[in-house]
Amino acid sequence: MTELKIAYSPLNDAALILVAEALGFYDSEGLNVTLIREANWSNIRDKLAYGMIDAAHILAPMPFAAALGLGPSMGRIIAPMALGANGNSVLVSAKLKARLEDGGKLDTSLLGSARLLAREVERRRKEGLGRLVFAVPFTWSPHHFVLRHWVASAGLDPERQIQWIVVPPSRMADMVKDGVIDGFCSGSPWPQAAQLNGHGEILFSDPDYWTLKPEKVLGVRAAWAEANPEATIALTRALLRAGQWASTPAHREDLIRILARTASVNAPWKAIELALDGSGLTFDPQTATFPWISHAKWFMGQMVRWGMLSPDHDFDQLARHVYRPDLWREAAAPLGLDCPLADEKTEGGQPAGWEIPAKPHNILMPANQLFDGGVFRCA
Amino acid sequence: MAKTVNVLIIDPDEARAEQVAEGVRADNGDQETVIRQERHFELRMLRDFDPDMVIIACESPDRDMLEALQVANEQVPRPVVMFVDRSDDNATAKALEAGVAGYIVDGFNPKRISSILTVAAQRFAVTQGLRKDLDKAKADLAARKTIDRAKGVLMASRNLSEDDAYKALRKHAMDTGRPIQAVAADILAVSDLLKPGDSQ
C-alpha cells in the first residue's frame, strides 16, 4: 500500500475524492489515503509547496498562476485529470436582480443580463452611487474569469467599473444579506443554500456561460508523482472509477448522502440536490475529466486578458508541464474509456453534440459553446 | 519612543487567540506591541487598526481574503504580503504544520516576524494538545455518567447496594470480555424497554 495525503475544499465538486474513499476505490488501487478537509485554497497551495500533502482538489488556474509568479509558490504541480466540469453559479442580491429586469421580466441570457447590468452601472454612476461589488472565492479562479467575461460582454470595463473582493463562500450569503456585496460567483452548493435562505437569487450557472466549463483538477506534487509513478496512475484510476460511479443516475441519492455528511460538504440536502440539478456539474469521466491542454491555455489566456499577466510566456510549454493527458490515457484505457488522440481541441463553437477522434472508439462529446459565441483556438 | 508594533490575530477559536496574544506579548522586544483579536477578518480592520503583521488560523476560511490583498491592494492603504522569507522556511513550515499562517507589511523587521510566528506556532501546538486532552476528558466523563446510571438501574431493580451494583457490572464486563462502559450502555438500553407503563 502506498500512503498519501489528499486535501479538498468542502464543495460538491470534491465529489470524486470523497466518493473514491466512501466506495473503497483507493484501497482497491493499493492506496492508503488520508483525506484532509481544508478551509481555504491558500492552505492547500502552501501544504503542497511544503510537501505536507501529496495531492489536492484545486482550482484549475492555481498551478499556472503560481508557476507564473502570481502569488506565493506552490511547488511543481502536475494535473493528470480534471475533477469534472461546471458546478458554479452566480447569485445576485434581490435589489440588483430587480434592476436586471426589463419590463418586469428577467432577461435570462447572459448577453441580455450583461446589457441590463451596464444600464445599472451607468445609473449608479449618474446618481453618484458607489461601484457594484462582486465577490469571488479566489483571485486565480474560474469564478473570477467568468464574472469578468460576463461583465465585459456588455462593453463594461471590469477593472474600472466593478469592485472585486475575495470572500470565502461560507460568508458570501451573509454579505449579500448585509448589503456588503451585490453578487457573487461560487461553487455549489453555496449559491443554492443562499437562495434557499432568501439571500438573493441565482442569475446564471456555469453551463449558461460555457456548456462544458473546466473548473477543478487533481493537483499532484510533481516530486511525489516522480517518486511514485505507479501510485500516480492508481490514484487517477481510483478517481476515474469514482467518476463512473458518480455519473450513474441510479447512484444520485447515495452521492448526495456522501456529499451531505459533515466530513464532506456539510450542507443541507436540499441545497446539494438543487445544485446537482441546476449547476450543470458533471462527473462523466469520458467527457469531463480529460486534462485538455486547450483548457490550460484558455485559463492562462484569461489571466492575460484581465491584465494579471504579460503575454510574454511560453504558455504551451507550461500547459504541457502541468496538464498530463498522457497519464490520463494510461489510467483510463484499462477502464474501457476511449482515449482522445489529440491533447487539445478548439473550445467553443459546438452548439450541439459532436464527435472527437479517439481510440478504440470516437467520443461523442456534449455541446461546447460559450455564451457569446466565442471560439478559442490553440494553434 | 519607537513606533508600536500592531499585531492582528484572526482565529475563530477565541481561547486559542488569547493564548497566542499572551505569547506575543511575552515575546515583546524593545517595541511596544499592540494586539487585536478577531474571530473573522474584515477589510476595514486594515484601515482601523493598521496592522504590521496578521496572524491567522489556517482553519479560518478568511485566509483567502487576506491572501487576495497582495493583488487587489487598491482597497487597502498598505500592502499586506505573505511571509515568504525563504531564509526562514522552517518557521513558516512549522507554523503551517501547527495550523497558523502569518502576513506582514513590507519592511517589517524579519527577525521579529520569525519570532512572532514561532511563538504563535508553539501556542497553536499546545492548544491542539489541550484540545485532545479535553476530548479525552469529555469522553471519560460521558463513560462515568453511563456507568453511574447503569448502577442506579441495578440498585433499583435488583435492590443492590451501590458497591454491589458496581461489582456486578464489573463481573459481567470481565466475563464477557467487554468494556464496563459498553455493558453499562446495554443495561440502560434494556432498562428503557422495561420501563413501567410502556408494556402493551
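Tutor: Start with a term: two strands count as paired if DSSP finds at least two bridges between them. The model you see is predicted.

The part to look at is strand 12 of chain A, residues 216–221. This strand is mostly covered: six of its six residues are buried. To count as buried, a residue needs 20 or more other C-beta atoms within 10 Å of its own. Now look at the directions. A:Lys216, A:Leu218 and A:Val220 point one way from the strand. A:Val217, A:Gly219 and A:Arg221 point the other way. Residues on both faces are buried, and that includes A:Lys216 and A:Arg221.

Next, the neighbours. In general, strands of a sheet pair through backbone hydrogen bonds, either parallel or antiparallel. Strand 12 of chain A pairs with strand 3, residues 55–59 of chain A, in the antiparallel sense over five bridges. To find this pairing, look for A:Ala56, which stands opposite A:Gly219. Strand 4 of chain A, residues 77–82, also runs antiparallel to strand 12 and is joined to it by four bridges. There, A:Ala82 stands opposite A:Val217.

Step back to the whole sheet. It is open, has five strands of chain A in the order 2-1-3-12-4, and its pairing is mixed. Strand 2 (31–37) and strand 4 of chain A stand at the edges. Each of them has a single partner strand, so one side of each is left without a neighbour in the sheet. Ignoring direction, neighbouring strands here are turned by 30° against each other on average.

Move along to the other end of the order. Strand 1 of chain A, residues 2–8, pairs with strand 2 of chain A in the parallel sense over seven bridges. A:Ala7 faces A:Ile36 of strand 2 in that pairing. Helix 1 of chain A, residues 15–22, packs on this sheet and touches strand 1, strand 2 and strand 3 of chain A. The direction of helix 1 makes about 130° with that of strand 2.

Back to strand 12. Helix 13 of chain A, residues 229–246, lies across it, and also across strand 1, strand 2, strand 3 and strand 4 of chain A. Helix 13 runs at about 30° to strand 4.

These two helices also pack against each other. Helix 1 and helix 13 of chain A meet at an angle of about 95°, with their axes 8 Å apart. That makes helix 1 of chain A roughly perpendicular to helix 13 of chain A. From helix 1, the contact includes A:Leu16, A:Ile17 and A:Val19. From helix 13, it includes A:Leu239, A:Gly243 and A:Trp245. By class, the residues of this contact divide into 10 nonpolar, one polar and no charged.

Chain A has another open sheet of five strands, in the order 9-8-10-5-11, again with mixed pairing. Strand 5 (residues 88–92) and strand 10 (residues 183–187) of chain A run antiparallel and share five bridges. A:Val90 has A:Cys185 as its bridge partner. Helix 9 of chain A lies across strand 5, strand 8 (132–136) and strand 10 of chain A. Helix 9 runs at about 155° to strand 10.

Finally, look toward chain B. In all, 20 residues of chain A are in contact with 18 residues of chain B. The elements giving two or more residues to chain A's side are helix 3 (41–49), strand 9 (162–166) and helix 9 (169–177) of chain A. Helix 3 gives the most, with five residues. Chain A's side of the contact has 11 nonpolar, six polar and three charged residues. Within helix 3 of chain A, nine of the nine residues are buried, so the helix is largely enclosed by the rest of the structure. Among them are A:Trp41, A:Arg45 and A:Asp46. After helix 3 comes A:Gly51, with a positive phi near 70°.

Methods
Residues numbered from 1 in each chain as written. Chains lettered and ligands numbered in written order. Predicted model: local features only at pLDDT ≥ 70, side-chain atom pairs only at ≥ 80, totals over all residues. Buried ≥ 20, exposed ≤ 12 C-beta atoms within 10 Å, placed from the backbone. Contact = placed C-beta atoms within 7 Å. Nonpolar A, V, L, I, M, F, W, Y, C, P; charged D, E, K, R; others polar. Axes fitted to C-alpha atoms, helices over the stretch in contact; angles between N-to-C directions. Parallel < 35°, antiparallel > 145°, perpendicular 65-115°, else oblique.
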